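Me: I would like to learn how to read helix packing and core contacts in a model. Can we go through one together?

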Amino acid sequence: MAPDGTTAEQPDGTPVQSPRGPDPDETMNDLRPQGGHDNKVVLKRKVGIFGCIGMVMGIIIGSGIFVSPQVILVYTDGVIGYSFLAWIVCGVFSSLGALCFVELSTTIPLSGGDFAYILEAWGPFVAFIRMWMSFFISYPGEYALIILIGTQYLISPFLANCDSLPQGAIQLLTIVTLCAIYYLNCTSVRWTTRVQVFFTAAKISGLVIIILGGVVQLCRGKTEHFADAFEGYSNPKNFPLALNAGIFAFSGWQYLMFITEEVKNPARNIPLAVIISMIAVTSIYLLTNVSYLTVLSPVEIIHSNAVAVDFAEQLFPVFAWIISIFVALSCVGTVNGSLFGSSRVLYVAGREGLMPKVMSMIHVRKKTPIPAAIFTLPIAIVMVLNNDIFLLLNFVAFIEWIMNFLAVAIIPYYRWKHPDLPRPFKVPLFIPVIYMLGVLFVLGMALYASPRDCGLGLVAAASGVPVYLVGVYWKNKPPAVQNAIDQTSLFLQKLLLIVEPEAKVE
């Protein structure tokens, strides 16, 4: 029932479908807020242009810029000319992929990002496998790893005289930080985006300090590390591995497309936010690397455990601890924005029947998808205590690249199948073609360099097949099984004060 006591209807006039078993609209009717349109239990369009930019930059600028510089230098033999070439190529390549996803987000204006696009174009099976890999391995593993890095940076200045950092304390602080981030995402969309803007400002402030320090050094004539910038590269076959590290530092732009239904004026704000963010991030990354090299040599960067901290200790040692705090804030901001976006994928999956219906329910007052937001928390906590996170991320990356290829391939496919489909933002066809060729190259290099990890990725993806067959494909379940599902859903509704949305947001 709708709040006014009438039967709730979809935009096309058809009644809202209730789940099987006890009607949650009847059972939970007293929990629904009374009033006009503003009190409807729906996801609201609350994210403006600055929230979009804050989310994209806040997610991209995470731990990558503090880890990837030394990895790229390792694979370019410390030759800084080729290391900068790798950064530029990664920035351009990531921007091409981002533009492709912008067209998809305005052509298929649904929350859920590439999951929603793959579901629309390639069907539920491929979409389920993509979701299975992401939410049971990839996303919680990334959250655990990034916050672990941030925690280590945060406590290292206070334990500078210790031979090793206490792993138990690091894990405990990591779990507490993760719980705080998840709680925020369950509590308020508005405050989640406000906090995201704050973390983005904080991490950019830290990088601005590094960049300004580099500018001062350049004015002092500290350019000796830039001499003979392209000489001495003896292993160009490793250049693709340098690109892989750089692309990791640029990853995260696709998360904005996960919340399309909550963005104000998405046809304008999503393209504008992505373009501004990618230009800004690429510029910041290049300037940050220049600054590092005005103080540290390529060899020192390669052997550094924390390049930003080593840079600060040599340039302004009294305030080096501030950089550690900025790195920690950067990592927290990345996970906060990532969780905000990824939870909307589970929300869409529940709405489309690829996950339990409860995943598509939202809190009656907070208007947040609480079940979808907290789903990955237990998995992330387990992975904090797991020493094999890097292995998990390695083999999941192979499947993620395949899914990126399938998502971008929708553009030429839909141009042929649906030529008259409205496209508020349209990229030239050569852009998705170049991006797909680049992805195929990366996949080929991954198979060549790490066939074992790629094989494990395929096995992990295949493990989702029986789950799909039982949970999604098998429609006529025995009454006892269906009743257990219904009762569990009803229990969670009462526990979390959640109901199905009344209508899609306009």
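Me: At what angle do helix α12 and helix α13 pack, and how far apart are their axes?

Reply: Bear in mind that this is a predicted model. The general idea comes first. A packed helix pair is described by two values, the angle between the axes and the distance between them. Here helix α12 (residues 307-315) and helix α13 (residues 320-351) pack at about 160 degrees, and their axes are 8 Å apart.

Me: Which term describes how α12 and α13 lie to each other?

Reply: Angles over 145 degrees count as roughly antiparallel. α12 and α13 are therefore roughly antiparallel. Their crossing is right-handed.

Me: Which residues make that contact between α12 and α13?

Reply: From α12, take Ala308, Val309, Ala312 and Glu313. From α13, take Ala320, Ile323 and Ser324. By type, the residues of this contact are five nonpolar, one polar and one charged.

Me: Now another pair. At what angle do the axes of α3 and α4 cross?

Reply: The axes of helix α3 (residues 64-75) and helix α4 (residues 80-107) cross at roughly 130 degrees and come within 9 Å. α3 and α4 are therefore oblique to each other. The crossing of α3 and α4 is right-handed.

Me: Which residues of α3 and α4 make the contact?

Reply: α3 supplies Ile65, Ser68, Pro69, Ile72 and Leu73. α4 supplies Ile80, Ser83, Ala86 and Trp87. Seven of the contact residues are nonpolar, two are polar and none is charged.

Me: On to single residues. Is Met278 buried or exposed?

Reply: Compare the relative accessibility with the cut-off: under 20% is buried. Met278 has 3%, so Met278 counts as buried. Met278 lies in helix α10 (residues 266-295).

Me: What does Met278 touch beyond its sequence neighbours?

Reply: Leave out residues up to four places away in sequence. Met278 then touches Ile60, Gly91, Ser94, Ser95, Ala98, Phe250 and Trp253. Met278 and Val56 are 222 residues apart in sequence, yet their C-alpha atoms are 8.4 Å apart in space.

Me: Which residues touch the most other members of the largest nonpolar core?

Reply: That core has 143 residues. Phe115, Leu178, Leu256, Tyr285 and Leu354 touch the most other members. Helix α6 (residues 124-155) gives this core its largest share, 18 residues.

Technical notes:
Residues numbered from 1 in each chain as written. Predicted model: local features only at pLDDT ≥ 70, side-chain atom pairs only at ≥ 80, totals over all residues. Heavy atoms only, no water. Helix = DSSP H or I, 4+ residues; strand = E, 2+ residues; numbered from the N terminus. Buried < 20%, exposed > 50% of the residue type's maximum accessible area, 1.4 Å probe, protein only. Contact = heavy atoms within 4.5 Å. Core = buried A, V, L, I, M, F, W, Y, C linked by side-chain atoms within 4.5 Å. Axes fitted to C-alpha atoms, helices over the stretch in contact; angles between N-to-C directions. Parallel < 35°, antiparallel > 145°, perpendicular 65-115°, else oblique. Left-handed = near helix turned anticlockwise from the far one by under 90°. Nonpolar A, V, L, I, M, F, W, Y, C, P; charged D, E, K, R; others polar.
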